[in-house]
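Here is a short briefing on one protein chain. Please look over the sequence and the 3D view first, then read the notes below.

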Amino acid sequence: MKWLFPLCLSMALLAGAAGADEASDAPAPDGLRLGGTISQTQSAAPIAGEPRDGGREVRSYPEQPPVIPHSIRDYQVDMRVNQCLNCHSREQAVSAGAPMVSITHFMDRHKQVLAAVSPDRYFCTQCHVPKTDATPLVPNRFKSVEEVINEALRERQEAGQ
């Protein structure tokens with residue numbers, strides 16, 4: 001009877017090792033790109049190109065963060081350095097010819113006005129992205145406020161109201 005436990009344990013380990021080989025190459029689920037198998041290394045999608053033509057874009061809704069009209073490749077933004085503020089800070093904006101960060105970035109979450117950019121708004125790329133000609137990963141059916149209002153007005157006119 002003493003030999004039964006080691007025998008069962010070794011059988012279980014052998015079965016587990018065989019199962020692990022089969023599971024190591026199991027298919028990975030497809031996400032926005034093909035999953036392949038777990039043992040395969042998929043190449044990353046190419047990085048989107050440089051920003052489109054310069055200049056500001058019209059915002060689609062009032063609270064939309066503006067897009068970044070220039071390249072930010074290799075910009076350092078971490079807890080100690082925010083390279084965006086080299087041009088967009090209150091002190092440098094005029095001499096750099098860049099728009100100053102919004103006044104809302106000097107408020108904390110309780111609407112208290114601060115002397116410096118709020119830590120809540122310090123990491124610019126949480127909200128702002130450079131504008132590129134990147135292909136959308138998923139279809140976009142977003143409509144601007146004007147499109148929604150015009151559509152509603154058109155429907156009212158068609159209904160005779």
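Predicted model: local features only at pLDDT ≥ 70, side-chain atom pairs only at ≥ 80, totals over all residues.

Glu57 counts as partly exposed, at 40% relative accessibility. Its side chain meets that of Lys131 in a salt bridge, 3.6 Å from N to O.

**Salt bridges**

- A search of the whole structure finds three salt bridges.
- Lys131 has a relative accessible area of 5%, so it is buried. Glu57, at 40%, is partly exposed.
- Arg109 pairs with Asp120, with the closest N and O atoms 3.5 Å apart. Both residues belong to the loop between α3 and α4, eleven residues apart.
- Arg109 is exposed because its relative accessible area is 65%, over the 50% cut-off. Asp120 is partly exposed, at 34%.
- Lys143 and Glu151 form a salt bridge through their side chains, at 3.0 Å from N to O.
- Lys143 is partly exposed, with 39% relative accessibility. Glu151 is also partly exposed, with a relative accessible area of 28%.
- As a general point, side chains of opposite charge can pair when their charged atoms come close.

- His128 is found in the loop between α3 (93-96) and α4 (145-159).
- His128 counts as buried because its relative accessibility is 17%, and the cut-off is under 20%.
- A polar atom of the His128 side chain lies 2.7 Å from the backbone oxygen of Pro66.
- Beyond its neighbours within four places in sequence, His128 is in contact with Pro65, Pro66, Ile68 and His105.

**Nonpolar core**

- Five residues make up the largest nonpolar core: Leu85, Val101, Phe106, Val117 and Tyr122.
- Leu85 is in contact with Gln92, Val101, Val117 and Tyr122, leaving aside neighbours within four places in sequence.
- In soluble globular proteins, nonpolar side chains tend to be buried together.

**Nonpolar surface patch**

- Tyr61, Phe142, Val145, Ile149 and Leu153 make a nonpolar surface patch of about 450 Å².
- Leu153, one of these patch residues, lies in helix α4.
- Leu153 has a relative accessible area of 44%, so it is partly exposed.

Technical notes:
Residues numbered from 1 in each chain as written. Heavy atoms only, no water. Helix = DSSP H or I, 4+ residues; strand = E, 2+ residues; numbered from the N terminus. Buried < 20%, exposed > 50% of the residue type's maximum accessible area, 1.4 Å probe, protein only. Polar contact = N/O pair within 3.5 Å; in protein donor to acceptor, adjacent residues only side chain to side chain. Contact = heavy atoms within 4.5 Å. Patch = residues over 30% accessible without salt bridge, like charges linked within 9 Å, V, L, I, M, F, W, Y side chains within 5 Å. Areas by Shrake-Rupley, 256 points an atom, 1.4 Å probe, with all protein chains shown as cover. Salt bridge = Lys/Arg side-chain N within 4 Å of Asp/Glu carboxyl O. Core = buried A, V, L, I, M, F, W, Y, C linked by side-chain atoms within 4.5 Å.
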